[in-house]
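The following paragraphs lead the reader through one protein model, from its overall architecture to individual residues. Please keep the sequence and the model in view while reading.

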Amino acid sequence: QVQLVESGGGLVQAGGSLRLSCAASGKIFRPNSMAWHRQAPGKQRELVATTTSDGTTNYADSVKGRFTISGDNAKNTVYLQMNSLKPEDTAVYYCNVRRLGLLPQYSYWGQGTQVTVSS
């Protein structure tokens with residue numbers, strides 16, 4: 001049974017930084033994508049950043065230049081460094097590790113970690 005455990009969330013003032021971590025307990029076979037999503041109260045879950053097995057990264061426009069995603073496939077761990085935080089970054093952040101298009105296919109989600117940015 002694979003579980004993703006997130007950590008690093010908390011309360012921070014605007015302009016501050018946080019680093020989220022997501023570690024897998026249990027063996028995960030060669031994911032080809034790791035990502036962070038977030039969901040603010042009353043809003044739909046949105047994709048924040050992704051990193052793929054070939055090193056490609058993509059970011060939502062709202063976080064470009066401020067957030068950095070990195071992954072360690074060997075450790076099945078993904079990080080999100082968040083700088084210059086804004087109140088609108090307040091949300092529950094979820095990690096997602098998946099393998100699509102190749103067998104075995106899977107998609108695992110973490111339980112979420114709260115990030116609150118005060119103005």
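In which strand does Ser-25 lie? Ser-25 lies in strand E3, and the model in which it is placed is a predicted one. With a relative accessibility of 33%, Ser-25 counts as partly exposed, because that value falls between the 20% limit for buried residues and the 50% limit for exposed ones. Setting aside residues up to four places away in sequence, Ser-25 touches Gln-1, Val-2 and Gln-3.

A second residue of strand E3 is Ala-23. Its relative accessible area is 33%, and Ala-23 is therefore partly exposed. Apart from residues up to four places away in sequence, Ala-23 touches Gln-3, Leu-4 and Val-5, together with Asn-76 and Thr-77. Thr-77, in E8, is the bridge partner of Ala-23. Asn-76 lies 53 residues from Ala-23 along the chain, yet 6.2 Å separates their C-alpha atoms.

These pairings belong to a wider arrangement. Strands of a sheet pair through backbone hydrogen bonds, in either a parallel or an antiparallel manner. Here, four strands form an open sheet in the order E1-E3-E8-E7, and the pairing is antiparallel. The edges are taken by strand E1, residues 3–7, and strand E7, residues 67–72; each has a single partner strand, so one side of each is left without a neighbour in the sheet. From one strand to the next, the twist averages 15°. Within the sheet, E1 and E3 run antiparallel and are joined by five bridges. Strand E3, residues 18–25, is also joined to strand E8, residues 77–82, by six bridges, again in antiparallel fashion.

The chain as a whole contains 11 strands and zero helices. Its radius of gyration is 14 Å, close to the 14 Å that the globule rule gives for 119 residues, so the chain is as compact as a globular protein of that length. Along the principal axes, the C-alpha atoms fill a box of roughly 45 × 25 × 25 Å. Of the contacts between residues at least 6 apart in sequence, 55% join residues at least 24 apart. The chain exposes about 6500 Å², of which carbon and sulfur atoms supply 48%.

The interior may be considered next. Buried residues account for 42% of the 119 residues. The largest nonpolar core has 28 residues, and those with the most contacts inside it are Trp-36, Val-48, Phe-67, Leu-80, Met-82 and Tyr-93. At least two residues of this core come from each of E3, strand E4 (33–39), strand E5 (46–52), E7, E8, strand E9 (91–99) and strand E11 (113–118). Tyr-93 illustrates how parts of the chain meet: leaving aside neighbours within four places in sequence, Tyr-93 is in contact with residues including Glu-6, Leu-20, Trp-36, Val-48, Phe-67, Leu-80, Met-82 and Val-115.

Most residues other than glycine have a negative phi, and most peptide bonds are trans. At 13% relative accessibility, Asn-76 counts as buried. Arg-30 likewise has a positive phi, of about 40°, although it is not a glycine. Arg-30 has its place in the loop between E3 and E4. The relative accessible area of Arg-30 is 61%, so Arg-30 is exposed. A further feature concerns the peptide bond from Leu-103 to Pro-104, which is cis, with omega near -10°. Pro-104 is found in the loop between E9 and strand E10, the latter comprising residues 106–109.

Notes
Residues numbered from 1 in each chain as written. Predicted model: local features only at pLDDT ≥ 70, side-chain atom pairs only at ≥ 80, totals over all residues. Heavy atoms only, no water. Pairing = 2+ DSSP bridges. Axes fitted to C-alpha atoms, helices over the stretch in contact; angles between N-to-C directions. Rg over C-alpha atoms; globule rule 2.2 N^0.38 Å. Buried < 20%, exposed > 50% of the residue type's maximum accessible area, 1.4 Å probe, protein only. Contact = heavy atoms within 4.5 Å. Areas by Shrake-Rupley, 256 points an atom, 1.4 Å probe, with all protein chains shown as cover. Core = buried A, V, L, I, M, F, W, Y, C linked by side-chain atoms within 4.5 Å.
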